[in-house]
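Trainee: Hi, could you walk me through a protein model today? I'd like to ask things as they come up.
Mentor: Happy to, here is one to look at together.

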Amino acid sequence: MQKELELYEILYLVQPSFTERDTAEKIDYYQEFLINKGSQVMIQNRGKRQLSYPIQGFLTANYIQMFYLGNGELVNSLNKEIQRDENVIRHITTKIILPESIDN
């Protein structure tokens with residue numbers, strides 16, 4: 001029996017030296033990565049923001065938030081792809097649990 005697709009969120013920070021065009025290309029790359037693996041994706045570019053503390057020497061970063069449908073295999077594939085990207089300075093993936101899926 002194949003496991004049902006679940007909702008995930010990934011927030012990744014891209015180097016502040018990226019132009020809007022570079023950031024858009026990075027977003028498109030990861031969106032295509034997920035779509036080519038059969039996922040549905042929603043993206044929010046949060047823009048350049050101040051960091052609470054320096055990360056890899058940067059004080060600001062471009063925040064990108066993506067919601068997508070997937071399973072553990074897709075999550076692992078995306079995380080490996082992002083870890084290899086030198087322009088992504090930090091990322092975190094969270095599984096979204098919807099209220100109706102919580103058992104009482």
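This is a predicted model: local features need pLDDT of at least 70, side-chain atom pairs count only at pLDDT 80 or more; totals for chains, interfaces and linings use all residues.

Trainee: What does the side chain of Asp85 make a polar contact with?
Mentor: With the side chain of Lys26, at 2.7 Å. A polar contact is a pair of N or O atoms within 3.5 Å; within protein, one must be able to donate a hydrogen and the other to accept it, and residues adjacent in sequence count only if both atoms are side-chain atoms. The Asp85 side chain also makes a polar contact with the side chain of Tyr30, at 2.7 Å.
Trainee: And where does Asp85 lie?
Mentor: In the loop between α2 and β4. Helices (H or I, at least four residues) and strands (E, at least two) are DSSP runs, numbered from the N terminus.
Trainee: Is Asp85 buried or exposed?
Mentor: Asp85 is buried, because its relative accessible area is 12%. Buried means under 20% relative accessible area, exposed over 50%, and partly exposed in between (1.4 Å probe, protein chains only).
Trainee: Okay, new topic. What pattern does the chain follow?
Mentor: Along the sequence it reads β-α-β-β-α-β, with two helices and four strands. The chain has 104 residues, of which 36% count as buried.
Trainee: Let's look at α2. Which of its residues are buried?
Mentor: Leu74, Val75, Leu78, Asn79, Glu81 and Ile82.
Trainee: Why would residues point the same way?
Mentor: An α-helix has 3.6 residues a turn, so residues three or four places apart point the same way.
Trainee: What covers the buried residues of α2?
Mentor: The cover includes β1 (6–14), α1 (20–36), β3 (58–70) and β4 (88–96).
Trainee: And what caps the N-terminal end of α2?
Mentor: Asn71 does: one of its side-chain oxygens lies 3.2 Å from the backbone nitrogen of Glu73.
Trainee: Now the core. Which residues have the most contacts inside the largest nonpolar core?
Mentor: Tyr12, Tyr68 and Leu78, in a core of 17 residues. A nonpolar core is a set of buried Ala, Val, Leu, Ile, Met, Phe, Trp, Tyr and Cys residues joined through side-chain atoms within 4.5 Å. β1, α1, β3 and α2 each supply at least two residues of this core.
Trainee: What does Leu78 touch?
Mentor: Setting aside residues up to four places away in sequence, Leu78 touches Ile10, Tyr30, Phe33, Leu34 and Tyr68. Contact means heavy atoms within 4.5 Å.
Trainee: Which residues are in the other core?
Mentor: It lies apart from the largest one and has six residues, among them Leu51, Ile55, Tyr63 and Ile89.
Trainee: Where is Ile55 found?
Mentor: In strand β2 (residues 41–55). Ile55 is buried, with a relative accessible area of 5%. Leaving aside neighbours within four places in sequence, Ile55 is in contact with Leu13, Ile89 and Arg90. The C-alpha atoms of Ile55 and Leu13 are separated by 9.7 Å, although these residues are 42 apart along the chain.

Key
Residues are numbered from 1 along each chain as its sequence is written. Side-chain values use heavy atoms; hydrogens and water are left out.
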